[in-house]
Amino acid sequence: MSVKERLSGIWLMATTLLALFAYTIYFVAQMWLNILHAAFLTLVVLQIAALLLYLWGPEKLKSWPMKLLYRLLYLSSLFVIPAFAFIFMGLISQYHVQIPDSIPAASMLSDQILPQDHTVIYSTGTVYVIFPEYDQVGLVCENRPSKADSAITWCSGAAFQHDISLGFTHENIDGDHAVSGTFYESPYNKDSFAAFTFAEGQFSFVFDNPSEAIREAADKGGSGFMQFGLIRDGKIVMTINRPRARCYRTLAELNGNLCIIDSVNMLHFDEFLEELLRLGVTNALYMDMGAGWNYSWYRSAAEKVVTLFGLPVPWSHNWIVFQK
């Protein structure tokens, strides 16, 4: 066997193992996007097929269609490293950036965790409780909010997109929503959805007739969107299980004040819920923290933009923003 053939074998074995490793990460982390899942699985199958043909012996391939097939399978190995890099970046994006200037709150009574006259963050060791400074809370669609906009103190993903699409349409947002006084009806309302609205300087969490609540907010010139209801009047109402460890986020009402609550590190969903109940969260919406939808940043009291999850994806098209 020539040196070239040996190197080809080493390359195929390495890329096959890397493809299997990358797909395992993708599967375990459940970074589910159906199109990408099929693509990664196909790449694994192609690498295994190429390696099997190599082990059988490329020199035994007599017909030109089989030789062409082997070459195409071999060339597919060039996509393994980019695929691994994409999955690795997606996995890294699941980890929360630590916030060193947060106020230690592990020993604080929950009723002492309150907003101040500037953006303030508390850390219980399990979750960050983030009180952005704001006068207005709105929903921004299509064009991602700019970090250069000094009025924005918080930005993160809001409602689900129904289909993975690079283009934007309001119809593709799950749940009815309102943007600065304009109401948009969605064909994808769910019974388990609740509404968050902000109008005339007041926020509300609405679990009964959420569509009507959003329409009323629009009539008042406000904004709103739907997500899974998580906690209602201090009780867990979300029945959809999240049986794995990851970073979680909720838009919540704590001590009568609006806040964002993020897990400090990856943890199981039950642990996240236990901490929310321990803190005494009154009402909350589930805020999906999958890759892309975990994109978020805030503006500190020192006017510095701090990026928590900085990997935006082109199929995420709506965000909740706090503005002062």
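**Briefing: an antiparallel sheet and its salt bridges**

In this predicted model, Ser296 has Phe309 of strand E18 as its bridge partner. That contact belongs to the antiparallel pairing of strand E17 (residues 296-299) with E18, which runs over four bridges. Salt bridges are the second topic, and their count comes to five.

**The open sheet**

- Five strands make up an open sheet with antiparallel pairing, in the order E4-E19-E5-E17-E18.
- Strand E4 (136-141) and strand E18 (305-309) are the edge strands, each pairing on one side only.
- On average, neighbouring strands of this sheet are turned by 20 degrees against each other, direction ignored.

**Salt bridge Glu303–Lys324**

- Glu303 and Lys324 meet through their side chains at 2.5 Å, N to O.
- Glu303 lies in the loop between E17 and E18, and Lys324 in the segment after strand E19 (318-323), so the pair ties together parts 21 residues apart in sequence.
- Glu303 is partly exposed at 40% relative accessibility, and Lys324 is partly exposed at 33%.

**Salt bridge Arg249–Asp262**

- The closest N and O atoms of Arg249 and Asp262 are 2.7 Å apart.
- Arg249 belongs to strand E13 (residues 249-254) and Asp262 to strand E14 (residues 257-263), 13 residues apart.
- Arg249 counts as buried because its relative accessible area, 1%, is under 20%; Asp262 is buried as well, at 0%.

**Salt bridge Asp174–Lys190**

- The side chains of Asp174 and Lys190 form a salt bridge of 3.1 Å, N to O.
- Asp174 sits in the loop between strands E5 and E6, and Lys190 in the loop between strands E7 and E8, so this pair joins parts 16 residues apart in sequence.
- Asp174 is buried at 5% relative accessibility, whereas Lys190 is partly exposed at 33%.

How values were computed
Residues are numbered from 1 along each chain as its sequence is written. This is a predicted model: local features need pLDDT of at least 70, side-chain atom pairs count only at pLDDT 80 or more; totals for chains, interfaces and linings use all residues. Side-chain values use heavy atoms; hydrogens and water are left out. Two strands pair if DSSP finds at least two bridges between them. Helices (H or I, at least four residues) and strands (E, at least two) are DSSP runs, numbered from the N terminus. Axes are lines fitted to C-alpha atoms, for helices over the stretch in contact, and angles run from 0 to 180 degrees between N-to-C directions. A salt bridge is a side-chain nitrogen of Lys or Arg within 4 Å of a carboxyl oxygen of Asp or Glu. Buried means under 20% relative accessible area, exposed over 50%, partly exposed in between (1.4 Å probe, protein chains only).
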